[in-house]
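Here's a quick tour for anyone meeting this structure for the first time. Have a look at the chain, then follow the notes below.

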Amino acid sequence: MRCFLLLCWFSLFIGVARAQQAPAAAPAATDAARPAPKRQLQATRISTPPKLDGLLDEAVWQSAPIATNFYELEPTPGPIETHPTEVRVLYDDAAIYVGAIMHDVSQDSILRELSNRDNIGNSDWFGVFFDTYKDHLNGYEFIVSSGGVQLDARQSPTNGEDGSWNAVWDSRTALRGNDWIAEIRIPYSAIRFSKATEQVWGLNFGRQRRSSRQKFFWNEVKPQVDGFVNQWGELTGLRDLKPPLRLSLTPYVSAYVNHYPYNEQGKQNTTTTFNGGADVKWGINESFTLDATLVPDFGQVQSDNQVLNLSPFEVQYNENRGFFTEGTELFNKGGLFYSRRVGAQPLGFGNVGGQLRTGTTGRDGKRQGGEFIVQNPGITRLLNATKVSGRTSKGLGVGIFNAVSNDVYATVQDSTTGQRRDILTQPLSNYNIVVLDQSLKNNSYVSLINTNVTRAGSTYDANVTGGLFRFATKANTYALDGRVMYSRRRGNAFGTTDEIDDQNGYKYYLAFNKISGNFTWGLDHGIESHSYNPNDLGLLFANNNISQSLYANYNIYKPFWKVNKLSTYASASYSRLEQPNLYQDMGLYLGGNTTFTKNFLTTGINLDANPLTRDYFDPRRAPLGKYYVRKPATFGLNGFFSSDYRKKFAWDINYSTRHFAADGDRTGRSSYSLTLGPRYRVSNQLSFVYSIGYAIARNQIGYAGGLDSSLPYDNDFLTRFGGSDGDVLLGRRHVTTFTNTATGTYTFTNRMSFNIRLRHYVSNVHYRDFSRLHPDGLETPEPAYTRNRDNTFNAFNIDAVYSWWFAPGSQVSIVWKNAGASFFEANAATPLYFDNLSNTINTPHNNSVSIKVLYYLDYLALRPRRG
């Protein structure tokens, strides 16, 4: 009944929205889905560069043509701005200059919060956008806030707006009366363009008035039109541009002090390390750039958000290493590159314990000790990594990525003699990616991708090749997308003589979509074969899948009734195993989100309903198909509320609930979660954000862990179940999780900041009873199995970072990292939160304090000046 009422309410809401919109929108529906005419602005060549001071008082600025009368995008698409923006563009042989004046009501209306680089915060901003090859797909963004904070990004069909890209450029801002001014200098070394005598670039300017939550663009951007770069105007008047020699070196030195309380004889609690290396950037020609990192140091990146993983799939962590996030839009084509594979945990990390010599008793009755692990590195140190990427004037993008990691060894020691030996856990490895991406007319493209991992020694190598395409109609109304992938692995599993069993696999995907207009829809179909495996350099959670889905979206972009806009969707999906061809799951989904006009409260709701599902992956049995965990029909609801971030105090709420139908005598299966996120901005320099999350899953049925033959009690059940390939032990459990995260930021200037982040995570698993999973999803109770398999996982991290950009591209960073984790089993596990917090605090932690200095050296700035 609850589901029925919610669906009725949602349908009524959409009906009211359509009724409100229909009279005005119907006549202009066709025009609204077409890109606006392209405006043109002429750049002015100068001989003497202006002084970068944010004043725009030189005569050259006054003589340049003006771009003004911006179109509003949010919250009401279409109207011309009330408070004008005036932009001029100059250029010389070294750089392009953009000067902008943003008129306003008063200085109080110009919000100016300071924040970290690439984070605008609660502030006005101005941005310039370049499509230097005018392919309508790929572009550059340079944005500066009214407080002088810089943000840069790349636009691409793969990553959308990729804020991880960083360039070296300069800017100044100033307040003057009721206006604020932005002056930007972008050296040609920061962008790529052709060497044609006369050029026309794609161009747009953007502005945000944060006090009114309005966004404007010089060339109108219509939300009904698919794409962003294809809706930019044109910059003309560019003549005799000569791409410079783009050569820069960013050497670094770093020092670390690490402390961990081993308190063991022969082990130092405190260690120090010193590192040095460099990043090199070389413009091979006007189109292509080589980026290399030599002896990289990633020790200062933010700690991972560790979680307790009860699923059969690995946890996907964010990539925080700058080299692997910056300028990787080509390498991410097709989803074949998961950069965390490079420098990841060694292949044999978890197998060291099985290679230790155990203790023995001699003929004389004396006990001879076995071996123990002294050191087992959890990451693979890279020797170097290199990227070559670019795009020609004909729209051909080429990307080559290569990285080499060294041998990794674990060190073990004999407890009697003290003799040590090394065990190889990762051989010398080479990671390589090659991408060819041809841009076509009408925002279309075709691409070819190859990834390869080659390892020294007798273990296996891996190769994946894929092709993908997108063909859109001339009016940008419909698009056909597709991809085909082939994976190939050859050799033996690491540390064994067993040949890899998934040597060849394939995947294909095909989708047809209506991509523009208020109403959009699409359908797709795909197959991932049972032996498809791109995981040596990519990420795949589950293969052996045939899936198809369809969706429909209806969006209203202009304010009506009491809301600014409305986005809604409905979709359905169905999947089967590929081999054997068996039903897996299906689902129905419905949802939407909106922002209210007066208080700018944003809210969204999502509903889903799934009939009986068969989980073939949770039993951890191969080949798939014989065993599955049945999941009864379920209904889920989740949503969020987010208040207006312009207020000093703001908040976020996320909630979800899921209920399952009764499954025989198993009832009461459900899950709930709630996350509260208050935030307080003390001033334009100091702010705090806190998040507390609580989640509970009741009567969850799932894999309870493997049976251990070394334990007499488990061994009896292991024999009766048919061994490690036989029947499976399932458990009915309650899982309770708390997550607390607190962040404080103080920004001294637009180039200096301090940030501290604390996170405590605890998840407790309590098993109520156990059952035996037979083939075809049949379960029988196992009341005789009484081993306590409860467990509790705690993780605690502190990341404190002081950062100072003392010159363009040059930085000093001081970082303190505190990390500790604990895993308790059986009687040691506790469901009490404060007991877990106390255990976490009292568990030994690793403390690391480091300082790192990078200095950007540009060849163009260092070369001797002539004359």
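This is a predicted model: local features need pLDDT of at least 70, side-chain atom pairs count only at pLDDT 80 or more; totals for chains, interfaces and linings use all residues.

Residues are numbered from 1 along each chain as its sequence is written, and side-chain values use heavy atoms, with hydrogens and water left out.

**Some terms**

- Helices (H or I, at least four residues) and strands (E, at least two) are DSSP runs, numbered from the N terminus.
- Two strands count as paired if DSSP finds at least two bridges between them.
- In general, strands of a sheet pair through backbone hydrogen bonds, either parallel or antiparallel.

- Six bridges link β23 (residues 408–414) with β24 in the antiparallel sense.
- A410 has I423 in β24 as its bridge partner.

**The five-stranded sheet**

- Another open sheet has five strands in the order β2-β4-β5-β11-β10, and its pairing is mixed.
- β2 (44–45) and β10 (170–176) are at the edges with a single partner strand each, so one side of each has no neighbour in the sheet.
- β2 and β4 run parallel and are joined by two bridges; R45 has Y91 in β4 as its bridge partner.
- Strand β5 is where you'll find A100.
- A100 is buried, with a relative accessible area of 0% (buried means under 20% relative accessible area, exposed over 50%, partly exposed in between, with a 1.4 Å probe and protein chains only).
- A100 and E183 are 83 residues apart in sequence, yet 6.5 Å apart in space, C-alpha to C-alpha.

**An annotated stretch**

- UniProt lists residues 53–206 as "domain: Carbohydrate-binding", in an unreviewed entry (positions are given in the numbering used here, feature names are shortened, and annotations may be inferred rather than shown by experiment).
- Over residues 53–206 the chain is 3% helix and 45% strand, with its end C-alpha atoms 21 Å apart.

**Cores and cavities**

- The largest nonpolar core has 37 residues, and F126, F142 and F205 touch the most other members (a nonpolar core is a set of buried Ala, Val, Leu, Ile, Met, Phe, Trp, Tyr and Cys residues joined through side-chain atoms within 4.5 Å).
- Elements giving two or more residues to this core include β4 (85–91), β5 (95–103), β11 (179–187) and β12 (198–209).
- A second, separate core has 23 residues, among them A385, I449, M485 and L540.
- There are five cavities of 30 Å³ or more (on a 1 Å grid over the protein atoms alone, a cavity is a set of points where a 1.4 Å probe fits but cannot get out; lining residues have an atom within 4 Å of a point).
- The second largest cavity holds about 180 Å³ of space; a volume here is the space filled by probe spheres set on the grid points, which are joined across faces, edges and corners.
- Its lining has 14 residues, with N138, Y140, R154, E329 and R391 nearest the centre.
- Strand β21 (residues 382–391) gives the most to that lining, with three residues.

- β26 (residues 444–455) and β27 (residues 461–472) run antiparallel, joined by nine bridges, and T451 stands opposite V464.
- Their hairpin has five residues between the strands, and G457 takes a positive phi near 90 degrees.
- β27 pairs antiparallel with β28 (residues 478–490) over twelve bridges, and F469 has G482 as its bridge partner.
- The β27 and β28 hairpin also has five residues between the strands, with N476 at a positive phi near 60 degrees.

- β41 (residues 728–749) pairs antiparallel with β42 (residues 752–773) over 21 bridges, and a hairpin of two residues joins them.
- S763 in β42 stands opposite T737, and its bridge partner in β44 is F793.
- β42 and β44 (residues 791–807) pair in the antiparallel sense over 14 bridges.

Key:
On a 1 Å grid over the protein atoms alone, a cavity is a set of points where a 1.4 Å probe fits but cannot get out, and a pocket is an open set with protein on both sides within 12 Å along at least five of seven lines; lining residues have an atom within 4 Å of a point.
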